[in-house]
Every structure is written in C-alpha cells, then in structure tokens.
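Please look over the model shown here before reading on. The points after it are meant for a reader who has not seen this structure before.

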Amino acid sequence: MPTLVLGSTSRYRRELLERLRLPFDVARPEVDETPLPGEPPAMLAIRLANAKARAVASTLADGWALGSDQVADLDGHPLGKPGHREAAIAQLRAMSGRTVYFHTALCLAHPDGRMLAATDRTDVRFRPLDEVEIARYVDAEQPFDCAGSFKSEGLGIALFEAIESRDPTALIGLPLIATCTLLRQAGFALP
C-alpha cells in the first residue's frame, strides 16, 4: 500500500483521517493562505488544498500527500478562523438567521505530479441568535480555531436550524466520503 502524509496540522482533520485506520504521517505545509483579490471562497478552498498537497508532496520520495482546506462563505466573502473572542462573536452575529456555505476542498498529490481532487459544499442555516446566546456559546466552547466560529460536533449544533450536506464529516474539516474515493483511486485499500 502507498504511504500517506496528511498536509495539515489541524487536529480535527487528523482525528477524522484516523477513523479510516490507515497509517499516515503528518506534515505542516508551508503555504500562504491569504485570499487573492476578488477570489471566490470556493476557489480559495480549492487553491489552498492543492497548494498544501503539492507543498508536502514535493518533500516526499514516494507516496501521496493529502491537502484539505475549508472556507466559510457568507454573501460571497470568505470567513476565516476568528482567532479570538471578539472576532468569533462578530462572525456569529453576522451569520445569525442566515445560510452560510462551507466549501471544503481535497487534493491528493504525488511527487511525480499526479493529482486527484474533490470538493464538497455544506449549507448551514443558522437560527436567529441574540447577543447573550452568542456570548454564552463562545465562552463555553471557545471556537477560535474554527472557520465560522463554531464546532458542529460539539455545542455549536445548538446554533443551527439545519445542515445540508452529502457528508456529515465535511463540516468538521475533512469529508471522509470524498477522501475515501480519492484514496481508493490512489491505490489505498479501504473497505
């Protein structure tokens, strides 16, 4: 079976990939994640996933590098990780009562130049949130390292009216259904 390296330092992606019971290493991709001027959120996710996979693949003698990126899209504008309490509150305030699209892109890259890619979109409909609810949630879960300022696998689920997705793991950061498809195409043995 080929070797696999996850090009991400995200603990969420690492935990999801561990579910597949494949051995893998982890490497930090050196990629500038700054959006290009006017770059749509879906294209940003694709560009960054590809760049992360290629950056890690270039350090390998053989095997595959898996890159992934997720960009939250509110009115065509990317929302990044908030980083701190005030930014998380501002993001949740802006998303209150609205639908936000989460674009997740995947790329498997081989040092010989082969690439396999996939994308997933998850639509998240937020219920109307008041200031007290937003502050209570942010203080309880501190989602400062999560695009969109929430953790759907935790208390963040209480913020939504609905989630529409082909893959329940996509919103956490790594759509495992698409990941399995790419891994099989690359020669990995999965059930």
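Predicted model: local features only at pLDDT ≥ 70, side-chain atom pairs only at ≥ 80, totals over all residues.

1. Strand β1 covers residues 4–7. Leu4 and Leu6 point to one side of β1, while Val5 and Gly7 point to the other, and all are buried. In a regular strand, side chains alternate between the two faces of the sheet.

2. Which strands pair with β1? One is β3, which is parallel to β1 and joined to it by 3 bridges; here Leu6 is opposite Leu66 in β3. Another is β2, also parallel to β1 and also joined by 3 bridges; in this pairing Gly7 is opposite Ala27 in β2.

3. Between β1 and β2 comes helix α1 (residues 11–18), and the three form a right-handed β-α-β unit.

4. Asp25 belongs to strand β2, residues 25–27. With neighbours within four places in sequence set aside, Asp25 contacts Leu4, Val5 and Leu6. Leu4 is 21 residues from Asp25 in sequence, yet the two C-alpha atoms are 6.5 Å apart.

5. Helix α3 spans residues 85–95, and its residues Ala88, Ile89, Gln91, Leu92 and Met95 are buried. Viewed along the axis of α3, the buried residues fall within an arc of 160°, so they line one face of the helix. The elements that cover them include β3 (64–74), β4 (77–79), β5 (99–109), β6 (115–126) and α4 (131–141). Just after α3, Gly97 has a positive phi of about 70°.

6. The structure has 4 aromatic pairs.

7. How are the rings of Phe150 and Phe160 arranged? Their centres are 4.9 Å apart and their planes are at 80°, so this pair is edge-to-face. The pair links distant parts of the chain, 10 residues apart: Phe150 in the loop between α4 and β7, and Phe160 in strand β7. Phe150 is buried at a relative accessible area of 4%, and Phe160 is buried at 10%.

8. Taken together, ring pairs link Phe102, Phe126, Phe150 and Phe160 into a cluster.

Conventions:
Residues numbered from 1 in each chain as written. Heavy atoms only, no water. Helix = DSSP H or I, 4+ residues; strand = E, 2+ residues; numbered from the N terminus. Contact = heavy atoms within 4.5 Å. Buried < 20%, exposed > 50% of the residue type's maximum accessible area, 1.4 Å probe, protein only. Arc of directions from axis to C-beta. Pairing = 2+ DSSP bridges. Right-handed = clockwise from strand over helix to strand, strands pointing away. Phe/Tyr/Trp six-rings, centres within 6.5 Å; stacked < 30°, edge-to-face > 60°.
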